[in-house]
Amino acid sequence: MDLQSFVTIQKEWDIVAARQLGRDIARKIGFGTVDQARIATAISELARNIYLYTDTGKICFEVIDNIDHKGMSIISVDSGPGIKDISQVMEDGYSTSGGLGAGLPGVKRLVDEFDIRSEDDKGTEIRAIKWVR
Amino acid sequence: MDQKFKKIALENSDSIVNMWINEIDSLKNGNYISNVSDELFESTNREFVNVIFKSIKDQGSTKHLEDFSEKLINLGWPLSYITDGLQVFRRVTVDFILSQSEQVDSNYIAQVLKSVDAWTEPIIRQLVNEYSGSWEHIVSLQRVALQELSAPLIPVMDNITVMPLIGTIDTERAKLIMENLLEGVMKHNSEVVLMDITGVPVVDTMVAHHIIQAAEAVRLIGSTCILVGIRPEIAQTIVNLGIDLGKFPTKSSLKKGFTTALEITNRKVVDMNTENQKIEDMIESIGKE
């Protein structure tokens, strides 16, 4: 595993930068167009959460190259207020910002592995992995 | 003290200019403006150094500085040319004044540095301001141009309007889309609006949310909104995200959407040739009887 690159999210347009970089990496690894769209959408959701709910955070990309399979992990790290009730935000339709509330549960369905860790007032770290099929 | 330094610098301007030009010439090789012709580079250097000396001589006048920076901006010279040039000028001038003085102590050096800085700083400030001002102007113009492109509405037929969307949708653009859509529906009195998202690279929950809101608003004023241009990969991500777009019709292409729109408005596309043929056949069959 090597740390590839990251994008700092502060402005709304950083979301676009993050998903463009992510899509580029995904294309290089050899994901198909559908999976590229899934990855770009997942990055968009994670980055938008950073933009909406915290001051600053970053989206990191890692290329995973094991003997048996290749993949890409997207890590969203922020030092925001944290998520109080994780099971609640993972429910469809829950939103504090008037959105659709499909963001995080949607990301979970878009990727193959999904891990979320959050501490009150310390921040949230979300790790999502998508494997090349 | 300052006056004395100024006198030294101005009296020996020729030798300072020569030293400066030598230094700048060595800077040219290898970096930014290596594709500029030698004559242009030399004449610009001369002009630059004249501008510097002129502004040292009569402090306060900024007219020639403005002219010079305007020229450089129009020619597209990098800002680093100016900052490097002034940096070199400062170094050369300090060196020169120190070499012209008999007794040199730290206090003296400090004073030389202070006055040379005081000469060059206003020039740097002025030129950098001119440069960034021109950049800001360009950016604001482009923003306006982009905004004009961001939510166009095309009335293609009586009661049918198309809004083609290309590129990323952010919050500001989403607002504009909604406004233009509703305004256009009222203005053109359209029964059906086709929103084409073929050119939208990513549809995430935020974009979907705005689309749903816009379609709902269109429904409220009595028209139908059809979402067209949904590519297969976008369809899959929308399903994965669990977004419900079931409240309004969706089609894969603008063509199919347009056919549906015609159906809603009780019209259809008729091929004139076959129609003519039919009429001719009819006339012929009447003639036979």
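Directly after helix H10(B), B:Asn266 adopts a positive phi of about 60°. Helices (H or I, at least four residues) and strands (E, at least two) are DSSP runs, numbered from the N terminus. This is a predicted model, in which local features need pLDDT of at least 70 and side-chain atom pairs count only at pLDDT 80 or more, whereas totals for chains, interfaces and linings use all residues. Residues are numbered from 1 along each chain as its sequence is written, and chains are lettered from A and ligands numbered from 1 in the order in which they are written.

Confidence comes next. The model has an ipTM of 0.82 and a pTM of 0.71. For chain B the average pLDDT (the predictor's confidence in each residue, from 0 to 100) is 85, and 96% of the residues score at least 70. Within chain B, the lowest confidence falls in helix H1 (residues 2-11), with a mean of 76, and the highest in strand S4 (residues 224-228), at 94. Where pLDDT is low, the predicted coordinates should not be read in detail.

Chain B is divided into domain 1 (2-147) and domain 2 (154-273); such bounds come from an automatic or database domain assignment. Taken over C-alpha atoms, the centres of the two domains of chain B are 56 Å apart. A UniProt annotation from an unreviewed entry, "domain: STAS", covers residues 150-261 of chain B. UniProt positions are given in the numbering used here, feature names are shortened, and annotations may be inferred rather than shown by experiment. This span is 47% helix and 23% strand, and its end C-alpha atoms lie 24 Å apart.

Helix H10(B) itself runs over residues 254-264, and B:Gly257, B:Phe258 and B:Ala261 are buried in it. A residue is buried if 20 or more other C-beta atoms lie within 10 Å of its own, exposed if 12 or fewer, and partly exposed in between, with C-beta atoms placed from the backbone. Why do these three residues lie on the same side of H10(B)? They do so because they cover an arc of only 100° around the axis, the arc being that of the directions from the helix axis to the C-beta atoms. B:Lys255 and B:Glu263 are exposed on the other side of H10(B). The buried residues pack against strands S2 (160-166), S3 (192-199), S4 and S5 (250-251) of chain B.

B:Asn159 has a positive phi of about 75° although it is not a glycine, and its place is in the loop between strand S1 (154-157) and S2 of chain B. B:Asn159 counts as partly exposed because it has 19 C-beta neighbours inside 10 Å. B:Asn189, in the loop between helix H7 (171-188) and S3 of chain B, has a positive phi near 55°. B:Asn189 is exposed, with 12 other C-beta atoms within 10 Å. Most residues other than glycine have a negative phi, and most peptide bonds are trans.

B:His64 counts as partly exposed, with 14 C-beta neighbours inside 10 Å. Not counting residues up to four places away in sequence, B:His64 touches B:Val51 and B:Lys54; two residues are in contact if their C-beta atoms, placed from the backbone, lie within 7 Å. B:His64 and B:Lys54 are ten residues apart along the chain, and their C-alpha atoms are separated by 8.4 Å.

In chain A, UniProt lists residues 34-133 as "domain: Histidine kinase/HSP90-like ATPase" (unreviewed entry). The span is 32% helix and 34% strand, with its end C-alpha atoms 12 Å apart. A:Ala42 is found in helix H2 of chain A and counts as buried because it has 30 C-beta neighbours inside 10 Å. Leaving aside neighbours within four places in sequence, A:Ala42 contacts A:Ile74, A:Val107, A:Leu110, A:Val111 and A:Ala128.

Between the two chains, the contact takes 21 residues from chain A and 17 residues from chain B. Helices H1 (12-29), H2 (33-53) and H4 (103-110) of chain A each supply at least two residues of the side that touches chain B. The largest share of that side, nine residues, comes from H2(A). By class, the residues on the chain A side are eight nonpolar, six polar and seven charged. Here Ala, Val, Leu, Ile, Met, Phe, Trp, Tyr, Cys and Pro count as nonpolar, Asp, Glu, Lys and Arg as charged, and the others, Gly among them, as polar.
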